[in-house]
Amino acid sequence: MMKPLLFLANAFINTFGITQPSTEARDRAAKFIATLMGLVLLLVAAIAGVAIYLLERH
């Protein structure tokens with residue numbers, strides 16, 4: 001599970017030319033990215049749920 005997240009973190013770091021972080025900082029960045037992605041998915045699901053509810057109510 002961490003490999004794709006570490007890939008994303010490294011891609012971000014290398015794309016923007018950020019100094020390579022320590023292993024702990026890289027792992028923390030990967031977890032932060034995973035948290036943000038989860039929150040975005042949750043937000044999209046909530047918006048879709050409200051939209052479906054409002055459409056079905058009529």
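A nonpolar patch, as the term is used here, joins side chains of Val, Leu, Ile, Met, Phe, Trp or Tyr within 5 Å, taken from residues with over 30% relative accessible area and no salt bridge. The model is predicted. In this model, Phe32, Leu36, Leu39 and Leu42 form such a patch, with an area of about 420 Å².

**Overall form**

- The protein has two helices and zero strands.
- Its radius of gyration is 17 Å, whereas the globule rule gives 10 Å for 58 residues; the protein is therefore more spread out than a compact globule.
- The C-alpha trace spans about 55 × 20 × 15 Å along the principal axes.
- Helix 2 covers residues 23-57, and helix 1 covers residues 2-15.
- Glu24 belongs to helix 2, and its C-alpha atom is separated by 41 Å from that of Ala51, 27 residues apart along the chain.

**Surface and burial**

- Of the 58 residues, 12% are buried.
- Phe32, a member of the nonpolar surface patch, lies in helix 2.
- Phe32 counts as exposed because its relative accessible area is 52%, and the cut-off for exposed is over 50%.
- Glu24 likewise counts as exposed, because its relative accessible area is 55%.

**Nonpolar core**

- In soluble globular proteins, nonpolar side chains tend to be buried together.
- The largest nonpolar core here consists of five residues: Leu5, Leu6, Ala9, Ala30 and Ile33.
- Helix 1 and helix 2 are the elements that each give two or more residues to this core.
- Helix 1 provides the largest share of the core, three residues.

**Aromatic contacts**

- A pair of aromatic rings is described by the distance of the centres and the angle of the planes.
- The count of aromatic pairs in the protein comes to one.
- That pair is formed by Phe12 and Phe16, with 4.8 Å from centre to centre and 55 degrees between the planes.
- The pair is classed as tilted, because stacked requires planes under 30 degrees apart and edge-to-face requires over 60.
- Phe16 is exposed because its relative accessible area of 56% lies over the 50% cut-off.
- Phe12, at 46% relative accessibility, is partly exposed, because this value falls between the 20% cut-off for buried and the 50% cut-off for exposed.

Definitions and conventions
Residues are numbered from 1 along each chain as its sequence is written. This is a predicted model: local features need pLDDT of at least 70, side-chain atom pairs count only at pLDDT 80 or more; totals for chains, interfaces and linings use all residues. Side-chain values use heavy atoms; hydrogens and water are left out. Patches are made of residues with over 30% relative accessible area and no salt bridge: like charges are joined within 9 Å, nonpolar side chains (Val, Leu, Ile, Met, Phe, Trp, Tyr) within 5 Å. Accessible areas come from the Shrake-Rupley method with a 1.4 Å probe; for residues, only the protein chains shown count as cover. A salt bridge is a side-chain nitrogen of Lys or Arg within 4 Å of a carboxyl oxygen of Asp or Glu. Helices (H or I, at least four residues) and strands (E, at least two) are DSSP runs, numbered from the N terminus. Buried means under 20% relative accessible area, exposed over 50%, partly exposed in between (1.4 Å probe, protein chains only). The radius of gyration is taken over C-alpha atoms; the globule rule is 2.2 Å times the number of residues to the power 0.38. Rings of Phe, Tyr and Trp (its six-membered ring) pair if their centres lie within 6.5 Å; planes under 30 degrees apart count as stacked, over 60 as edge-to-face and the rest as tilted. A nonpolar core is a set of buried Ala, Val, Leu, Ile, Met, Phe, Trp, Tyr and Cys residues joined through side-chain atoms within 4.5 Å.
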